[in-house]
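This briefing is for a reader who is new to the structure shown below.

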Amino acid sequence: MSKRTPLSRREFLHLIGLASAGAFLASCTTPEPQVIRETIEVEKVVEKMVEVEVEKMVETERLVEVTPIPLTGPVNELGETLPADALALDQQFILTGIGAVGGGYGHIMESLYNRAFEHAGGQETLTSLDTNFEVYGVGCESWEPAEDGSYWDFNLRRDLVWSNGDPITARDWVYTLRWSLSNGYDFAWFYFDIKNAQPVTSGEMPPEDLGIEAVDDFTLRIYTEAPVPYLPMLGVWFQVMPENSQEALGENWALDPDRYVASGPFMLTKFSRSLGNLWELNPTYNGIRRPWIAKIREENIPGGLAAYMAGDVQRHDVGAVSPPAEIGLVNANPVLRAESHPQPPTYTDYLGFNTLGDFAPLADPNVRLALCKAIDKATIVSQIYQGFAHPAWGILPKGFPNYNPDLEQLDPNVYDPEAAQQLLADAGYPDGQGFPVYELYIRQPTTQQVAVCEAIQAQWKENLGITIELRPSDFQSFTSASFGDRTAAMYYVGYAQDYVDPATFMNVFRSTGRHPHQDESWDELYNTANSSFNPEERFRGMMEAEKLLVESTAWYFVAQPFNVALWPCNAQGPTLEPNKDGYQMWGGGAIGCPHAYQGIYWTDSNCRSALG
Amino acid sequence: MLVYTLKRLGGILMTLVLLSLFTFTLSRVVPGGPWAQGAEIPLSEQQIQAFKEKYGLDLPVWRQYLIWLGNAATLDFGRPFTEPERTVTALIRDTLPFSALLGGIAATLAIAMGVTLGVIAAAYQESWIDSIVTSYAVVIATVPSFVMAFLMKYFLAARLRWFPSGAWGNPDDWRSVAWHLVLPVAAFALPATGGVARWTRQCIAEAMASDYVRTAYAKGLRSTGVLTRHVLRNALIPMITSFLPLYPGMMTGSLFIEAVFGLPGLGKYFVVSSTNRDYPLVLGITMFWALLIALTYFLTDVLYGVIDPRVRISERQR
């Protein structure tokens, strides 16, 4: 990004010497005190980073009020005029990594978990989330529910066209969902609120019976199994494909620039898994997501903070999994500190028990309560996550809509080893005698997740006298044992938000979800609350449902990790501004769903000159 | 020699068939399947059944294996579930050149540096030069690649800006590619030089202690002549056995080097094919790897004959 004076040989040798001495000293220290010292340091880092963000937010607000950015810079292919301080168009690109997950499919409605592209530049979603996590229409301009809540009508934008010039109509949207759900879509469960989605997915009904129809060319109607107040939120992952595209364009058309048909602001113009993909602006685009950048380059990019500091990558995340040295470097460097943006937690790690009866002790709520009360969650999280996680008292992350801090006071969340021992003794396992040795399955764990489970293992041994064995597993083995065959007695797993409504987390805890636990009374209570169109009543009911979730002790919520995102200080634009809660997010909207990098541009600022 | 060669080739073929049977069985025995990769909610039985029918996974396993074996005989290893737009053969063909170039240069550099250092250490045994080389060999071999890569990227790329921190560079400009490969090659090669240097020193030191070397010196030959014509030639056999396999090992890619430096290559597929339960890819890559290793050892055996006439004589006598 910027040129700097190289170090002299003397300085270089000096640094090498310091690094060697540091490495030598580090290797001589005993591990335990080192962990404690690092934890304290990192907690300070996070606090300071948050302070920096708050200061920046105030400053930016003042700037916006007094001096709006003059739009007199270069004009891109969509006709968008960039601000006056923008770099030339050939330097207006986003450089991001090629999809880390296999990346088999080009269209997100072919596969979500095995998709090739992380962004939504090529295709329009039905809706999206802005930086304040408010839902807005992308493929549609408005929506309204039926009076009885049995369906929603989405009024589509009339001026949207495909890159081949054809208009985008309701028939395209209908085709897309029918095709996906009847062709083994791995994210089909996400749409199970839609009428007949489940039987269509399983092949028990033809795709034509799916609850989606084109009322006219520009009115899309979606019927639901029950009233679904948050249905517009589901549209953030619903991307359109041209009617009959799978048949007319052939398999894998969305990976082939020659056959690719775009509805979004970008067109796939080069596809190479080795040398990278290139997305260029789609000149036929008439939608509302209007990027300033000219290109998206998806390439194999180097990892680590060093690559970010060298200017070879545009984005780097620091979190609990980062090496302590990286966190130290960020903390010590004023430019990196200023480029650090704490992200809201969007993920909850939790412990789950198979309560279905195959593991008799775990079917007893008092045994599970004993297990919960024997875990010192606050200490475990603060020690292991280096300040990059909150203790989880329920499934909803801290700051999420309907977050309930009072859950901390619920019995399962209160660490009380004596009470736990008594509960276990009353259940017939005094001092853990006779308690079976279970395996705790951990899904594709990070170092921190393993450490958490080791801590739980140690505390159960110390506080209750019971022994468990840890079984870190790859994704497939874990899913098969914990949620498929249900041969796992207990498991440790996480769940991330797909949209910003409590339902995104809580739907999965219904008996029809993935867990080896059945509670129809909870389902009824939750479903009733969830389907209410009265927001206050709905949230009140869902808060009660979350409380019962914790009290059921079928799950024990442990940690809500978060990251600090770094991007260069010469990246500017409205979508990078602090949101109502002070968070700044990269990508063009709220984190957790795909965008098209709208509202971002590169300035000619030399703010990185002091880096290093 | 021909009979010997044919026998070895037959052995290789048999090994490959057995390995394919073993890998095929193992890949089907592990829990899970390619239909559930990354899915938060397990797919329904019907969805899994539809997937199996689409890819022929609903057939009896022995039939699946025979079908696979028949196709593999024509180098058709199927299509990866994770990258269905190309065949496994095309995937290997597309990615191998990147790994082969990086690994080939790194292996050559490691061998060249290591052998040079080993020869020097052996020539100056028990001297301070020997101590320095031996210490270097021990230290460099114990530095993990990730530490080496991190130090190089931090000092040489982020701080000094002498080299890029990674990526392949412009593929149409060999100078750009070469410039981008400096750090990855160094990070890949340097740790390997330690082992090469130590083994070279040991082989040469043993050869130098032998009777024919003493005789050569007694005949009045110069040190350089003794070293090149007698010592090195005799030390080459154990060295070749150790060093040639470095090539298939390094040329088929390193997950770590590719990930850290953001390089395209085959390395990552050795891991993700397995974690994704991508059966065609697991089998294709395993067989390709096994073939490379087998051919390397075959080549090593042939080279024995070229280097050491005693091998040819003993074969003829048999």
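## Briefing

The C-alpha centres of domain 1 of chain A and domain 2 of chain A lie 33 Å apart; the domain bounds come from an automatic or database domain assignment. The model is predicted: local features need pLDDT of at least 70 and side-chain atom pairs count only at pLDDT 80 or more, while totals for chains, interfaces and linings use all residues. Residues are numbered from 1 along each chain as its sequence is written, and chains are lettered from A and ligands numbered from 1 in the order in which they are written.

**Domains of chain A**

- Domain 1 of chain A covers 72–318 + 571–612, and domain 2 covers 347–561.
- Their contact takes 18 residues from domain 1 of chain A and 12 residues from domain 2 of chain A, where two residues are in contact if their C-beta atoms, placed from the backbone, lie within 7 Å.
- On the side of domain 1 of chain A that touches domain 2 of chain A there are 15 nonpolar, 2 polar and 1 charged residues (Ala, Val, Leu, Ile, Met, Phe, Trp, Tyr, Cys and Pro count as nonpolar, Asp, Glu, Lys and Arg as charged, and the others, Gly among them, as polar).

**Chain B overall**

- Chain B has 14 helices and 0 strands (DSSP runs, H or I of at least four residues for helices and E of at least two for strands, numbered from the N terminus).
- The C-alpha trace of chain B spans about 85 × 65 × 35 Å along its principal axes.
- Of the 318 residues in chain B, 37% are buried, that is, 20 or more other C-beta atoms lie within 10 Å of the residue's own, with C-beta atoms placed from the backbone.
- Helix α1 of chain B (residues 2–29) is hardly covered, with 2 buried residues among its 28.

**Chain B against chain A**

- The contact between the chains takes 51 residues from chain B and 47 residues from chain A.
- α6(B) gives the largest share of the side of chain B that touches chain A, 8 residues.
- That side of chain B divides into 29 nonpolar, 14 polar and 8 charged residues.

**Helices α6 and α7 of chain B**

- α6(B) packs with helix α7 (residues 174–208) of chain B at an angle of about 145 degrees, with their axes 9 Å apart; axes are lines fitted to C-alpha atoms, for helices over the stretch in contact, and angles run from 0 to 180 degrees between N-to-C directions.
- Residues that meet there include B:Met148 and B:Met152 in α6(B) and B:Leu183 and B:Leu190 in α7(B).
- The residues of this contact divide into 10 nonpolar, 1 polar and 1 charged.

Key
Expected span 1.5 Å × (residues − 1). Buried ≥ 20, exposed ≤ 12 C-beta atoms within 10 Å, placed from the backbone.
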